[in-house]
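Student: I have a model open and want to learn to read its features. Can you take me through it?
Tutor: Gladly; let us look at it together.

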Amino acid sequence: DSHAAVHGSHSQSHHDLHVELDEMKEAREEMQQDLVEQRNILYAKKKLREEMDLEREEQQHRAAELEEEKRVLREEAERVREQQRQWASEQQQMMETFMQQQRQMREEADKL
């Protein structure tokens with residue numbers, strides 16, 4: 001019965017077609033799943049990079065603040081040293097003035 005044979009081969013090829021379609025559908029779903037995973041990975045990388053950039057900015061900001069604090073402290077220390085030099089020089093002058101007065105008083109006493 002050739003009709004049954006034709007029908008049989010037709011249903012066989014029909015079945016094969018279904019199997020192929022199912023395999024293609026599975027393959028497409030896997031590809032979509034891969035794409036989703038890749039997108040998630042890319043997103044996670046982007047987030048991480050943003051966080052690292054932020055962290056780096058914060059560290060640079062902190063470093064700049066520390067540099068500013070050091071600069072202020074150095075200026076302050078320089079002012080203190082300048083003040084100390086001034087006091088030392090004033091003390092020296094007072095001492096010399098005092099010695100001079102002492103000498104003058106002795107000389108005057110010797111005249112008497």
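Student: Is K70 buried, partly exposed or exposed?
Tutor: Some ground rules come before the answer. This is a predicted model, where local features need pLDDT of at least 70, side-chain atom pairs count only at pLDDT 80 or more, and totals for chains, interfaces and linings use all residues. Residues are numbered from 1 along each chain as its sequence is written, and side-chain values use heavy atoms, with hydrogens and water left out. Buried means under 20% relative accessible area, exposed means over 50%, and partly exposed lies in between (1.4 Å probe, protein chains only). K70 has a relative accessible area of 41%, so K70 is partly exposed.

Student: Which residue forms a salt bridge with K70?
Tutor: The general idea: side chains of opposite charge can pair when their charged atoms come close. Here the cut-off is a side-chain nitrogen of Lys or Arg within 4 Å of a carboxyl oxygen of Asp or Glu. The partner of K70 is E67, with the closest N and O atoms 3.1 Å apart. E67 is partly exposed, at 42% relative accessibility.

Student: Why are E67 and K70 separated by about one helical turn?
Tutor: Because they sit 3 residues apart in helix α1. A helix here is a DSSP run (H or I, at least four residues), numbered from the N terminus. Helix α1 covers residues 2-111.

Student: How many salt bridges does the structure hold?
Tutor: It holds 10. One of them joins the side chains of D53 and R56, at 2.4 Å from N to O. D53 and R56 are also 3 residues apart in helix α1, so about one helical turn separates them. D53 is partly exposed at 31%, and R56 is partly exposed at 44%.

Student: Which residues are linked in a network of salt bridges?
Tutor: E78, R81, E82 and R85. Within it, E78 and R85 form a salt bridge, their closest N and O atoms 3.1 Å apart. E78 has a relative accessible area of 37%; for R85 the value is 44%.

Student: How far apart in space are Q83 and M99?
Tutor: They are 24 Å apart, C-alpha to C-alpha, and 16 residues apart in sequence. Q83 lies in helix α1. Q83 is partly exposed, with 33% relative accessibility.

Key:
Helices (H or I, at least four residues) and strands (E, at least two) are DSSP runs, numbered from the N terminus.
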